[in-house]
Amino acid sequence: MIQLNLPSYQIKLAGSKEKPTIFDILRRKYVALTPEEWVRQHFVHFLVEHKGYPSTLLANEVKLQVGDKKLRADTVLYDTTLRPRLVVEYKAPHITITQEVFNQITTYNMLLHVDFLIVSNGLNHYCCRMDYEHNTYEFLPDIPNYEDII
């Protein structure tokens with residue numbers, strides 16, 4: 001896997017050369033190591049270890065449903081009343097962050113109605129704060145610390 005624009009951490013790998021796995025601290029199990037999962041695990045560790053997000057309020061692969069269509073939000077941060085506050089969409093490092101990626105996370109947000117949206121491919125990270133009162137959003141210069149969003 002390639003070097004990401006995220007801090008390194010104590011990675012736990014298992015599985016075989018043909019089917020490698022990586023430990024997911026939120027799901028508490030080893031999952032298939034794909035390029036997107038590589039980004040997810042680094043980003044979650046970044047949120048927890050460097051931005052102060054409580055791992056107990058984060059969830060990976062959150063199931064959502066719009067009519068008959070089943071979706072999965074990559075990572076969701078909840079507040080202490082279990083209201084979703086932030087959603088993260090990950091892409092593999094070779095995937096360019098485009099408007100289509102933002103459209104995907106916007107679909108999730110129609111259901112979750114969170115305050116912050118983050119998109120990352122491990123190399124580039126974008127965060128915006130939603131302003132529902134004015135039907136706008138503001139891109140932030142950095143990923144906020146947990147204390148700044150609660």
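The model is predicted: local features need pLDDT of at least 70, side-chain atom pairs count only at pLDDT 80 or more, and totals for chains, interfaces and linings use all residues. Residues are numbered from 1 along each chain as its sequence is written, and side-chain values use heavy atoms, with hydrogens and water left out.

A search of the whole structure returns zero disulfides, a disulfide being a pair of cysteine sulfur atoms within 2.5 Å. For Cys127, the closest cysteine sulfur is that of Cys128, at 6.4 Å, which is too far for a bond. Cys127 is buried at 2% relative accessible area, and Cys128 is buried at 3%; buried means under 20%, exposed over 50% and partly exposed in between, with a 1.4 Å probe and protein chains only.

The search also finds 12 salt bridges, each a side-chain nitrogen of Lys or Arg within 4 Å of a carboxyl oxygen of Asp or Glu.

Salt bridges with shared partners join Asp24, Arg27, Glu36, Glu37, Arg40, Glu61, Arg72 and Asp74 into one network. Helices (H or I, at least four residues) and strands (E, at least two) are DSSP runs, numbered from the N terminus. Arg40 and Glu37 both belong to helix H1 (residues 35-51), three residues apart. Arg40 is buried at 2% relative accessible area, whereas Glu61 is partly exposed at 22%.
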